[in-house]
Amino acid sequence: MEQALILICGIIAIATAIMVILSRNTVHSAMWMVGNCFIIAVLFLLLRFQFIAILQIIVYAGAIMMFIIYAIMMLNLRLSDDSADIVKNLLNGRYLLLALLFIGIVILGVGFGPMALKGTMTDQAMIKFGEVELLANYIFSEGLLPFELVSVLLTAAIVGAIYLAKKN
Amino acid sequence: MVEYLIIPVIKLIVIFSVFLFIAAYTTYMERKVLGHMQMRYGPMRVGFHGLLQPIADGIKNLFKEDLIPENADKTVFVLAPAISITAAVILLAVIPLGPPITIFGRTINLYIANPSIGILFILGFSTLGAYGNILGGWSSGNKYGYMGGLRGSAMIISYEISMAFAVVSIIMITGSFSLVDMVHAQTGLWNVFKQPVAFLVFLISGIAELNRTPFDMPEAESELCCGYNVEYSSMKFALFFLAEYIHMVVFASLVTTLFFGGWHGPAFLPGVVWFFIKVFAVIFLCIWVRATFPRLRYDKVMKLEWKFLLPVALLNILATGMVMAVL
Amino acid sequence: MKETDVIHVSKDRPEKGKYVKPLFRGLSFIFKNFLSKPVTLQYPTEKTQRSQRWRGLHRLKVDEKGELKCVACGLCARICPSVAITIVPYEEEGETRYPKKFVIDELRCIFCGFCQEACPEGAIELTEVYDYVDYNRKDFIFDIEKLKTPERFQFKGK
């Protein structure tokens with residue numbers, strides 16, 4: 001049951017991801033991407049990661065996609081004609097084969113990955129400690145160094161963005 | 001079977017219809033209270049003191065012509081109100097209405113679900129509701145709608161942050177994301193006394209997220225002639241309208257749950273009644289604010305958020321953390 | 001520009017930087033409004049008092065015997081600036097003159113009240129009825145019967 005659901009969600013996720021590329025309209029692309037974020041949140045839910053799933057919705061589907069749609073509307077992007085070529089090339093066969101291969105690999109990965117990979121965050125541990133606590137313990141003990149490094153990197157990125165914006 | 005299927009379905013239907021009814025009558029309450037605040041009567045004709053007005057409005061909207069403008073992006077145009085109403089209704093699932101009650105020997109919890117991430121669920125899906133406004137404005141093929149959608153997305157991006165930060169300080173003193181735990185934590189002292197700054201920030205940014213009058217940028221009547229929903233008619237408009245009022249009721253119940261102690265109150269009334277009294281008090285406050293303050297200029301709204309509310313909320317988190325570390 | 005050139009419209013406008021107190025003043029003012037009685041009237045059932053000199057629908061006065069005071073002299077029709085009055089007089093030998101037909105087109109009438117001033121007998125007056133409504137244009141052409149009792153055309157709701 002769960003495996004089947006994961007497979008279905010994986011296929012929908014891939015389909016929406018492809019639609020992001022194929023849509024001729026930029027806002028439609030952004031909407032497909034919102035759908036994609038959503039389906040990925042569902043995948044997290046199926047892996048019993050409520051917290052990560054809702055973070056996926058808040059951060060990606062909520063905030064970041066909102067930023068992207070805001071940028072698209074602000075720049076007033078129109079229909080692009082290049083995407084027609086992509087569709088033609090896909091139908092030509094070369095890219096289609098690649099895409100099918102990719103889909104197959106991802107389905108295999110999504111479908112059979114969870115069985116193979118099991119770290120410290122098992123169902124039992126989650127029920128025992130609560131997932132947020134588990135995650136927090138991991139981030140602030142074992143993963144502290146990468147976490148801090150990432151935060152430094154993000155701060156640097158923000159400072160750089162402000163610098164670039166100030167120049168204009 | 002009974003435990004996992006029938007009771008949840010009954011709860012679903014009851015809570016959904018109760019909240020739909022409340023949302024419909026919030027429109028009546030808004031018109032009536034706003035009228036009296038402007039020394040008018042408000043609706044008086046349909047039924048006793050206009051009590052049947054929401055029903056008359058609903059019937060009127062059903063029978064109006066459903067227009068789709070020629071310039072519109074038709075799929076998105078139809079999809080936008082659906083997104084709006086879905087994201088609004090889904091929020092009702094996690095709101096705790098009262099203490100558990102006993103019917104026919106069964107203990108029934110007065111909420112549909114109590115996920116361990118309840119408050120994050122509400123924050124996430126209330127943002128998604130804004131997609132309805134933005135896409136509705138964009139797909140209308142109308143410059144006013146476009147501007148309304150643009151402003152709507154800017155508002156959400158800005159005010160979501162301070163709202164979340166205000167909630168974070170509540171999460172810190174509760175130690176849980178679950179709304180039920182938050183209510184339990186307020187048995188003695190309500191959070192509004194423990195966290196007055198967070199309450200103010202949450203109230204202001206919540207009203208801004210609801211797009212209500214001091215901050216109604218996406219639908220500024222005098223500038224954008226109704227903004228994102230300018231091209232909508234009939235049931236599609238009604239769905240937008242309903243979504244807005246369901247959001248308002250959810251916001252009021254959220255303020256009640258987070259800051260006014262949820263269902264807690266003196267024992268002579270049941271918890272559910274206390275909950276709804278508080279919810280209507282918050283809705284009254286929203287209407288009061290709407291009746292008093294004129295719309296802010298767009299850049300001032302952004303200034304208020306980024307230069308006042310956000311630093312205040314951050315400082316509040318810092319102060320909360322310090323106090324918690326000391327105690 | 002000197003300071004004296006500036007006209008301050010509002011004397012009690014708060015100084016720059018004072019925001020919070022005025023907000024609460026506004027809130028309390030609105031709440032006082034909320035508690036006070038509405039100033040509007042429920043129109044068809046409640047109406048404002050008309051002035052004595054209000055010029056509404058016309059009335060043809062009758063004397064104590066129940067006959068029209070009008071002698072069909074035609075002065076009102078003469079003076080009417082919008083030519084709204086049509087009179088067909090009727091006269092028998094030795095009897096008083098009276099109008100056989102007295103028609104006022106209320107859609108043409110501009111309610112100037114000249115007919116009232118011109119009438120030598122005081123037979124026509126303008127009443128306080130101001131809200132006559134109907135569906136057809138021909139219903140606004142008033143004959144003698146309608147002109148005798150214009151009060152019944154006052155709008156009272158359904």
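The model is predicted, so to speak of local features pLDDT has to be at least 70, and side-chain atom pairs count only at pLDDT 80 or more, while totals for chains, interfaces and linings use all residues. Residues are numbered from 1 along each chain as its sequence is written, chains are lettered from A and ligands numbered from 1 in the order in which they are written, and side-chain values use heavy atoms, with hydrogens and water left out.

Chain B carries 12 helices and two strands, taken as DSSP runs numbered from the N terminus (helices H or I, at least four residues; strands E, at least two). Along the sequence they come in the order α-α-α-β-β-α-α-α-α-α-α-α-α-α. With a radius of gyration of 20 Å, close to the 20 Å that the globule rule gives for 327 residues, chain B is as compact as a globular protein of that length; the radius is taken over C-alpha atoms, and the rule is 2.2 Å times the number of residues to the power 0.38. The C-alpha trace of chain B spans about 60 × 50 × 45 Å along its principal axes.

A pocket here is an open set of points on a 1 Å grid over the protein atoms alone, where a 1.4 Å probe fits, with protein on both sides within 12 Å along at least five of seven lines; lining residues have an atom within 4 Å of a point. The largest pocket has a volume of about 1700 Å³, the space filled by probe spheres set on the points. Its lining takes in 38 residues, with Phe293(B), Leu304(B), Tyr19(C), Val20(C) and Leu23(C) nearest the centre. Helix 1 of chain C gives the most, with eight residues. By class, the lining has 26 nonpolar, two polar and 10 charged residues (Ala, Val, Leu, Ile, Met, Phe, Trp, Tyr, Cys and Pro are nonpolar; Asp, Glu, Lys and Arg charged; the others, Gly among them, polar).

The second largest pocket comes to about 1100 Å³. Ile58(A), Val59(A), Ile161(B), Ala164(B) and Phe165(B) lie nearest its centre, out of 31 lining residues. Here helix 5 of chain B gives the most, with 12 residues, and the lining has 27 nonpolar, three polar and one charged residues.
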